[in-house]
Amino acid sequence: MPAANTLIAATVEHLSRFAPFDAMDRGHLVWLAQRLRLAYFARDEVLLAPHDGEVRRLYIVKQGEVYGEQDGEDAWVMLHEGECFPIGALLGRRPVISVFRAQGDVFAHVLDATDFHQLVRDSEPFRDFCTRRLASLLEQSQRQLHATYATNTAQQQSLRSPLAGIPRRAPVTCGPDTPLREALETIQESAVGSIVVVDAGQVPLGIFTVRDLIGRVILPATDLDTPMRRLMTPNPVTLPARAHAFEAAMHMARDGFRHVLVEEEGRLSGVISEKDLFSLQRVGVTQLSSTIRAATGLDVLVRCAADIHELGHNMMAQGVAAEQLTQILSTLNDLLTQRVIELESARAGQPAFCWLAFGSEGRREQTLSTDQDNGMLFQTDPGETADQARARLLPMAERINRALDACGFPLCQGGIMAMNPRWCLSLEEWQAAFARWIDSGDPRALHDAGIFFDLRALHDPAQLATALRQWLLARIAATPRFLRRMAANALSNRPPLGLVRDFVVDGEGEEANTLDLKLNGLIPFVDAARVFALAAGVAASGTADRLRGTRARLGIPEAEVEAWISAFFFIQMLRLRGQQGKRASGLALRNRIDPDQLNDLDRRILKESFRQARKVQNRLALGYPA
Amino acid sequence: MRPLTRLLRRAPTLEPALARRLDAWRQLPANDLNARFADTRYVVVDVESTGLDLNRDHLIALGAVAVEGAHIVLADSFEAVLRQEQASDKDNILVHGIGGEAQRDGDPPAQALQGFLDYLGKSPLVAFHVTFDETLIRRALLRHLGLDFRHPWVDLAYVLPGLLPEHARRHRSLDQWSGHFAITNFARHSALADALATAQLLQCVLKLASTRNAHSYRQLQALEQARRWVSWAN
């Protein structure tokens, strides 16, 4: 019935503003729209409840908000325009667990279960979305992020712009019968890296680059009179000028070519090199790490620190996942810190000491704006008191702290640094401090324990840290009361609930309507993982490692733990992204985010991530009932 | 020509196929207006015209959406543009967005109107400000099909203030009532989009009416009548 098309088309157009519909074939969307019925629900009306029995319909919110609450459980979800529910119950052919209620006037599209299952069979993006919800949303967000950064990174030109718009040099050419000698002279004169072999009509036949010199000319001792047709790489990659820059980038990445020819109306019009496309690619991980290792002065390390920041930005641009990104960044930061320590400690013969990193550095979860959190653990020489050893070590500790500050790791406001005599301690002194916190369990002690118990040794030639950690785990195991208090403390910080709109936001003045990603989003995961690990005697200090390391003992399905970890790293990535943006605009790095500034997709994932944070807490509460 | 004489004009001659369809439509049994909302199909209609003068202006386009068992069935909708001998003036085109070209390219009026009847069946009609839609549709049906169209109508412009008297002063137009229920319109002043918005208003009305013990079309008509008395008395 063609008469129905405007309405169907309008519905298709509306749906395609939201995931997963934005990724679906138009044909499937039309099929879907033709089977939808629109239903109205007044405020507080129940759309779906567990006692309704097996779910018979899929709902897609068209207008208004639907609140889903689990009876007796502390789980909730708020559904907005474009969101579908209850996917899990439909796939499992079971009743819903939650009661879904209209928050105000709600209009929702309704699809029969049979049609839903048909669509799951027919449409791959839809199936993917339904079966791997969080993972699939994350991938999509990653792709979007990639697209945004691709345009930011190559400042000169966006990868979406046509090749015709990229400034490029006029091609340097020769004929197929030009002798090698003449071609090399041309290359030399025009100071280019490649020469294109063309026929009389300027149609490209092949390309020869200076990188080909070694293999094709020097090693085989090729006669300089050899015609270029025998030395060129035939059938070079050629793209029309209207092709997009990213097509050129893809060819280079996939086939390993460094040059792509551009032609207009069959004739060569330009050469695009890798350098033209990736002007910022000069910073590489391996190159950076060897520069750090070889550095002999602070000035070099300061430059390397800036390069680490830049690399972080580039990797986000390439869509590197937050987990890998933080790992690479903390590996490089570790290298840098270790090199600073080596340079400073080499100056004088020092007693054996261990450099400890605490807090996020200890967990390898640093972002681009992490303060220093460190301390020193030393061994006294025979006949020497701890105070005497400390007095000898403190000047060096201060030099290291100040050097790290110069490298962009600001001094700790709270004074948790090796240069502070309180945190430059012998093994016995550390044990005494830790024992005080474990025994007292007051809020202050719990706060400190949260920072110090995530310890990791960055420089430890005498393996002093292992003894401290083993002692700590044994002491905690012997004091069950401590972990109970730590769990209760962790549970007092609840991730934001969806009361007003999406998120409860706080903050005043400039921070109005913003959300603290660190406090509300990351800390619940970090705190819960710490309790799990300390309880199980797992030595790992990173949140993801702790969750994975305790999973089996806690009897949690792998998929569930991986969903927690994905959520944790998504929030971490938003934080990195925010800091990156603020660095560019010159503002101090902060952890706050305005949920309204996120796109629909990221807002949905953030919501889902907070839901996961509450699930982790629920699991924690299970082990430590109040 | 006075409006009355125009209405009494000789019936048009229909081509046989069209005449058969019209006849089949006449034979359809009338709908039970006492049936409950859940068991009935209503058709919500909206029209676009050459202007707002009921004596002079005529029908350009017609959009209709069915509400079945209180659900809007997206695929069960109807839209037609009637071919005009002369396109409406520019100001008018700016209102409904149906350009001169589209107006001249529309369906032959008799075909379009018979298409509407086939789609409608004997389902009772609902509109916002019925007088306007009914007058234009009646006149077009008489002129092009020779049909004296006497069909049940319910006017939401009266039912809504009857159900929500506390809002009656502030809300009068389709836009205002749509805003009250946060109903968005994908293309205001397109007959089909406005019909959809009106159909969504009908869904709200059905829900509200159920809470006031009104469960049938007949009872909606009664609500409308009562409200008309109130508005006249005021």
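1. In the hairpin of β14(A) and β15(A), two residues lie between the strands. One point to look at there is A:E265, which takes a positive phi near 50°. Please bear in mind that this is a predicted model.

2. Within it, A:E264 stands opposite A:R267 of β15(A).

3. Elsewhere in chain A there is an open sheet of four strands, in the order β18-β17-β16-β19, with mixed pairing. Which strands form its edges? They are β18 (424-426) and β19 (456-459) of chain A, each of which pairs on one side only. From one strand to the next, the twist averages 35°.

4. Within this sheet, β16 of chain A (residues 353-357) is joined to β19(A) by three bridges, and the two strands run antiparallel. A residue pair to check on screen is A:W355, which stands opposite A:H459 in β19(A).

5. Helix α13 of chain A (residues 322-345) lies across β16 and β19 of chain A, and runs at about 50° to β19(A). Helix α15 of chain A (residues 386-406) packs on the sheet, where it touches β16, β17 (374-378) and β18 of chain A. The direction of α15 of chain A makes about 145° with that of β18(A).

Definitions and conventions
Residues are numbered from 1 along each chain as its sequence is written. Chains are lettered from A and ligands numbered from 1 in the order in which they are written. This is a predicted model: local features need pLDDT of at least 70, side-chain atom pairs count only at pLDDT 80 or more; totals for chains, interfaces and linings use all residues. Two strands pair if DSSP finds at least two bridges between them. Axes are lines fitted to C-alpha atoms, for helices over the stretch in contact, and angles run from 0 to 180 degrees between N-to-C directions. Two residues are in contact if their C-beta atoms, placed from the backbone, lie within 7 Å.
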